[in-house]
Amino acid sequence: MTPSLATKLYSAVRNVTSAPIRFMVNTHFHGDHVFGNQYFLPAPIVAHENCRTELIEKFDANMQRYYAREALRPELDQIKMTLPDVTFQDRMSLRLGDREIQLIFLGRAHSNSDILLYLPDEKLLYAGDLAVNGTLPAFPDGHITKWLTVLDKVAEVDAETIVPGHGPVGDKNDFDSAQELLALLNDEIRRGYDAGLSEEDTVKQVNVGRFSNLAGQDRVGLITHMAYRAFSGELE
Ligand SMILES: [Zn+2]
């Protein structure tokens with residue numbers, strides 16, 4: 001999140017309420033989800049324990065991904081590493097009045113710190129980048145087979161409204177599509193891997209079928225690279 005996006009988010013909150021901001025929750029460690037932390041202090045920043053670790057250990061790579069876009073640099077120069085100060089391992093609950101917000105970690109997937117935010121009474125699920133809408137998923141830290149295992153568990157959550165990490169708010173059908181797309185990518189890349197093709201040749205034969213009109217088609221190269229690393233056991 002850039003400072004200007006953080007300001008927009010802050011204004012959006014202020015359009016709804018003048019109450020103090022009680023918690024800032026990071027769904028995982030990627031810069032577009034955490035770089036706005038400093039603008040929500042003194043609210044505690046809540047995240048998975050691994051989010052804090054990944055932010056520290058991968059800060060430079062995390063910043064570099066966005067720094068590659070020249071227009072973003074003046075904004076990124078204002079970012080100070082602002083770490084989560086409330087962390088958990090498997091799950092925790094936040095309560096705002098009588099509203100319960102469950103934070104749930106299901107294992108490595110899009111990163112090693114992805115969490116769900118689930119409001120059971122509202123059947124509302126914030127999926128972070130575990131499920132995105134209208135684009136191929138981002139894969140700088142993705143482990144495709146573990147991600148699929150995690151999505152099988154996410155699918156069991158009783159949710160009607162699903163807020164993705166990117167793209168419009170959706171429902172169970174949109175989640176099912178994200179899951180189907182990831183499974184298709186896995187099958188397509190696995191076929192090349194099992195046939196002993198190079199990554200480059202596999203990229204050429206990956207066919208995402210009904211998802212070929214989505215944004216992010218240029219991500220197939222990185223997805224293939226990371227999938228090869230996952231298949232070979234190189235990724236933990
Ligand atoms: Zn992400």
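Trainee: Which residue in β2 does V25 stand opposite?
Mentor: V25 stands opposite V46 in β2. Do keep in mind that this is a predicted model, in which local features need pLDDT of at least 70, side-chain atom pairs count only at pLDDT 80 or more, and totals for chains, interfaces and linings use all residues. Residues are numbered from 1 along each chain as its sequence is written.

Trainee: How do you know that β1 and strand β2 pair?
Mentor: Two strands pair if DSSP finds at least two bridges between them. Between β1 and β2 (residues 45-48) there are 2 bridges, in the parallel sense, so the pair meets the rule of at least two.

Trainee: And how do β2 and β3 pair?
Mentor: In the parallel sense, over 3 bridges. A47, for example, has T87 in β3 as its bridge partner.

Trainee: What is the order of the open sheet of 5 strands?
Mentor: The order is β4-β5-β6-β7-β8, with mixed pairing. Its edge strands, each pairing on one side only, are β4 (91-96) and β8 (161-164). Neighbouring strands in this sheet are turned by 20° against each other on average, direction ignored.

Trainee: In which sense do β4 and strand β5 pair?
Mentor: In the antiparallel sense: β4 and β5 (residues 99-105) share 6 bridges, and L94 stands opposite I101 in β5. Their hairpin has 2 residues between the strands, and G97 there takes a positive phi near 60°. β5 and β6 also pair in the antiparallel sense, over 4 bridges, with L103 opposite L117 in β6.

Trainee: Where does K123 lie?
Mentor: In the loop between β6 (115-119) and β7 (124-128). K123 has a positive phi of about 50° although it is not a glycine. Another loop, between α2 (31-34) and β2, holds P42. L41 and P42 are joined by a cis peptide bond, with omega about 10°.

Trainee: Now the helices. Why are α7 and α9 called roughly perpendicular?
Mentor: The axes of α7 (residues 172-194) and α9 (residues 220-231) come within 10 Å and cross at roughly 65°. Axes are lines fitted to C-alpha atoms, for helices over the stretch in contact, and angles run from 0 to 180 degrees between N-to-C directions. Angles under 35 degrees count as roughly parallel, over 145 as roughly antiparallel, 65 to 115 as roughly perpendicular, and the rest as oblique. α7 and α9 are therefore roughly perpendicular to each other.

Trainee: Which residues of α7 and α9 make the contact?
Mentor: L185, N186, I189, R190 and Y193 of α7, with I223, T224, A227, Y228 and F231 of α9. Two residues are in contact if their C-beta atoms, placed from the backbone, lie within 7 Å.

Trainee: What makes α6 roughly antiparallel to α7?
Mentor: Helix α6 (residues 144-154) packs on α7 at an angle of about 150°, with the axes 10 Å apart. That is over 145, which makes α6 roughly antiparallel to α7. I144, T145, W147, L148 and L151 in α6 meet Q179, L182, A183, L185 and N186 in α7.

Trainee: Last one: how do you know that the radius of gyration of the protein chain agrees with a compact globule?
Mentor: The radius is taken over C-alpha atoms, and the globule rule is 2.2 Å times the number of residues to the power 0.38. For 236 residues that gives a value near 18 Å, and the protein chain has 18 Å, so the two agree. The C-alpha trace spans about 60 × 40 × 30 Å along its principal axes, and the chain holds 9 helices and 8 strands.
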